[in-house]
Amino acid sequence: MPGLRSSFFIWMIRNRHLFQLKLKPEVVDATFSVEKFRKDVDKATAGMKMPKGVTTQTEQIDAMAAEWIIPEQPVEGKVLLYIHGGGFISGSCTTHRMHVAKFAMGCQLKSLLFDYRLAPEHPFPAAVEDCVAAYRWLSGQGYAAQDIIVGGESAGGTLTLSLLLALKEQGIPLPKAAFAISPVTDLRCLADSFTYNAKNDIAPMGSWNVWTQLYIADNDPTLPLLSPQFGDYAGLPPLHICVGTHEIHLDDCVNVAQKAKAQGVEVTLSKWPRMVHAFPILSPLFPEAKQALAEICEFVKNHTQQ
């Protein structure tokens with residue numbers, strides 16, 4: 001059972017509409033404004049500060065803005081390629097640098113964050129192409145595949161899995177290991193947990209259908225690089241998948257973990273009772289978030305030390 005502190009913060013997030021003097025929670029439908037949503041996210045993250053001792057360095061990858069997040073005394077010659085979340089429609093180096101800093105510190109890795117193209121202006125496969133470009137750019141900077149860890153949360157968790165499948169498809173050497181926090185793995189959003197956890201999770205009601213459709217556009221949602229649950233995982237590196245049992249993505253995470261394991265991949269599926277979407281990035285607000293973050297970082301360190 002979650003502690004009082006986590007229950008309090010999750011209740012606050014789930015009922016954030018009350019603090020906006022609204023009686024009912026937000027429902028995402030056809031009237032949803034991507035532009036307004038992005039502005040709200042930018043505003044909400046603008047005041048967040050980087051942890052002490054972490055520095056940043058701007059970078060450019062082709063047309064993409066990117067940023068190095070650098071902890072004190074990082075492990076030499078190793079790197080974390082972090083893919084940010086945001087429902088495929090939002091997120092940037094600016095909105096996620098403070099989250100990535102937690103992983104950079106916990107893993108003691110120099111970490112690269114980048115602004116992949118977003119839907120609806122740039123639907124699938126733009127984001128996957130940009131993830132491949134960022135990975136190949138790291139190779140051009142002298143990082144061998146065995147020196148790279150890939151990870152991300154939410155849409156970034158999905159894109160982490162899509163990136164692995166794309167690299168395999170293109171014959172590009174695969175990273176040492178990867179982690180995915182709360183990925184949606186079948187973008188048709190048909191898993192039962194989208195129904196039974198709809199009111200338990202913190203995602204706005206209906207967002208999973210609207211946001212994913214903006215990313216899918218006119219493509220077949222069962223394409224493996226779009227919905228990685230349909231991919232071939234044989235030969236992929238070790239995976240750590242983290243999910244809360246109150247998430248709409250719970251079944252997707254369980255299903256993809258089972259498939260990858262059945263195809264010979266070393267998989268760690270970490271299910272956290274009554275936790276919600278992408279909760280590790282809420283660290284250090286409550287113990288379960290801190291523990292899940294530490295668990296992911298331990299997984300990463302175990303593979304960077306081999």
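User: In which loop is Ala-217 found?

Analyst: Secondary structure here follows DSSP runs numbered from the N terminus, with helices being H or I runs of at least four residues and strands being E runs of at least two. On that basis Ala-217 is found in the loop between α7 and β7 (239-244). This is a predicted model, in which local features need pLDDT of at least 70 and side-chain atom pairs count only at pLDDT 80 or more, while totals for chains, interfaces and linings use all residues. Residues are numbered from 1 along each chain as its sequence is written, and side-chain values use heavy atoms, with hydrogens and water left out.

User: Is Ala-217 buried or partly exposed, and what is its phi?

Analyst: Buried means under 20% relative accessible area, exposed means over 50%, and partly exposed lies in between, using a 1.4 Å probe and protein chains only. Ala-217 counts as partly exposed because its relative accessibility is 29%, and its phi is near 55°, a positive value in a residue other than glycine. Phe-88, in the loop between β3 (79-83) and α3 (93-107), also has a positive phi, near 70°, but Phe-88 is buried, with a relative accessible area of 3%.

User: How should I read polar contacts, and with which side chains does His-277 make them?

Analyst: A polar contact is a pair of N or O atoms within 3.5 Å; within protein, one must be able to donate a hydrogen and the other to accept it, and residues adjacent in sequence count only if both atoms are side-chain atoms. The side chain of His-277 makes such contacts with the side chain of Ser-154 at 2.7 Å and with the side chain of Glu-247 at 3.0 Å. His-277 is found in the loop between β8 (267-272) and α9 (287-304), and counts as buried because its relative accessibility is 15%.

User: What surrounds His-277 beyond its neighbours within four places in sequence?

Analyst: Contact means heavy atoms within 4.5 Å. Leaving aside those neighbours, His-277 is in contact with Ser-154, Ser-182, Asp-201, Ile-202, Glu-247 and His-249. Glu-247 also has a C-alpha 8.7 Å from that of Ala-203, although the two residues are 44 apart in sequence.

User: Where is Glu-67 found, and which side chain does a polar contact join to its own?

Analyst: Glu-67 is found in strand β2 (residues 64-70) and is buried, with a relative accessible area of 5%. A polar contact of 2.6 Å joins its side chain to that of Arg-97. Not counting residues up to four places away in sequence, Glu-67 touches several residues, including Cys-93, Arg-97 and Ser-111.

User: How many helices and strands does the protein chain have, and why is it described as compact?

Analyst: The protein chain has 9 helices and 8 strands. Its radius of gyration is 18 Å, close to the 19 Å that the globule rule gives for 306 residues, so the chain is as compact as a globular protein of that length. This radius is taken over C-alpha atoms, and the rule is 2.2 Å times the number of residues to the power 0.38. Of the 306 residues, 56% count as buried.
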